[in-house]
Amino acid sequence: MRGAKARLGAIAAICALAPAAGFAAEVPAAPDKPASAAHNQAKPTDCAGYGAGFFKLGDTGFCARAGYDVMGFVAKDFATHDIGLVGQRLPSSSYLAGVPILYYYDKNFSKQTNAPYPGVDAQVNFVAIRQTDLGELIGYVNVRAAGQFQKDESGGWGYVSNNSVNGSIAEGLVDQAWIRLGGLEMGIQPSMFGFARWGYSISPGYSSLVNTPAVSYTYRVDNVAGSNNSVSASIALEDPSRRDMEDGVLADYGRTYWPDVVAQARFGTPNLLLHIGGALHEIHDVAAWDCCGSPDHTLWGAAATAGGEYRFKWSNLVGPAAGETYGRFLLQVAAARGAIGYLGIPFFATDYVVGGDGDVKLTTGYSAVASYEHLWTPTVKSSITYSIFDTSEASDMEMLGPDEPMWFDVKVRGSLLQGGVEDMIQPGLTVGAEAGYTWTTATGIYAGASAAPLNVAFPNVAAYVRKFF
């Protein structure tokens, strides 16, 4: 089953908050520190030049800094019902592997969401930097444990990890671990596909942010044409397994022979950051082969994204009446064909559907997020984020029997509205609250006949305290 279970406790994903405080891992720079400003500074001559908290690491020539980011929260998800999906293979007189079919249904979650639940996101990070003849050498590690106590289907309490990787809690503990020399970077790092954020809400909207084992290279030019602007181009070979969307019935990945090929380009000014990215994702299906010896096929899925962020001071736009208030606006869109894992959405679709004859039909979809953050004072800010997604998972027409064709096309559409407020009550200590509302609809066509649509909608709320250094 997928869909409802994957999204149970929507606010529980709050544990996927922004990258840990301490060292920005984004390449070429985080929106909070525009690309041009981040790299136009003179090279530090001592550790203090790297920023607060840096110290000499013995006689190694490295400057280092350690940090932490711990957040505790209490959340309540009011979803009593959600959309569930299940894939099956119907017996066929023509295909031993059967004809694929996808059903959607109303799943009752009332026992799992009838009480608030607590959670924590704890991160510890360490960075070491030194200058070399080949450029700046940087090593970075971020260790993270994130999860909450939540009820299961029987109504009993249990711990749910939010940062496991491929089902492994231990593998998910190492959130990032990479080494960078000049433009070359190796290790577990943020994917080149993702933009800097999924919006300014503390819990994620529908946008892809994934840390993955990769080798990447970034070529960067600062002070373009004598201006304070920067451009960069990046290419990466990334672990494909963290993007696979499979259910073991309609789609089941076999051995992958090639890493995902991901490219990125960025343009930055002191107030603007623009981003485009693309990815190729290998598909090697074995579902029909494992079932019944049907031929297996290999082909490529693809995804593309574009985004931008603009930061501004309101008085520069509307005059002195706006005082010292600031704002920033973010917009990002992504589309995929056979690479749904790049959309950053709940598990409502597999990357593809394999037919009884082994042929593969790729799933298509898109996602988008728009977000605005308003800084009322140097310590108080609020945000609003709206994100959407749409997927179409379908099969080719195949025969169940003589004169009995079957095919399906199931579409799932969703939107999420989030709003929040946060106050830094003292340096490194913030308190905040957020509320959201989710709408999702599933519609299906089976052998040309339309099935009744299924709609769900529910709110969620959360309050949190965050301490970081």
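This is a predicted model: local features need pLDDT of at least 70, side-chain atom pairs count only at pLDDT 80 or more; totals for chains, interfaces and linings use all residues.
Student: What is the mean pLDDT of the protein, and what share of residues reach 70 or more?
Tutor: The mean is 87, and 89% of the residues reach 70 or more.

Student: Why is Gln189 called buried?
Tutor: Buried means under 20% relative accessible area. Gln189 has 1% relative accessibility, so Gln189 counts as buried. Across the protein, buried residues make up 49% of the 469 residues.

Student: Which element holds Gln189?
Tutor: Gln189 belongs to strand E10, which covers residues 184–190. The protein has 26 strands and five helices.

Student: What makes the pair Gln189 and Ser216 a polar contact?
Tutor: The cut-off for a pair of N or O atoms is within 3.5 Å, with one able to donate a hydrogen and the other to accept it. The side chains of Gln189 and Ser216 are joined at 2.7 Å, so the distance meets the cut-off.

Student: Which backbone atom lies 3.5 Å from a polar atom of the Gln189 side chain?
Tutor: That atom is the backbone oxygen of Glu185.

Student: Which residues does Gln189 touch, leaving aside those up to four places away in sequence?
Tutor: With those left out, Gln189 touches Trp178, Val210, Asn211, Thr212, Ala214, Val215 and Ser216. Touching here means heavy atoms within 4.5 Å.

Student: What share of contacts between residues at least 6 apart in sequence join residues at least 24 apart?
Tutor: In the protein, that share is 68%.

Note on methods: Residues are numbered from 1 along each chain as its sequence is written. Side-chain values use heavy atoms; hydrogens and water are left out. Helices (H or I, at least four residues) and strands (E, at least two) are DSSP runs, numbered from the N terminus. Buried means under 20% relative accessible area, exposed over 50%, partly exposed in between (1.4 Å probe, protein chains only). pLDDT is the predictor's confidence in each residue, from 0 to 100.
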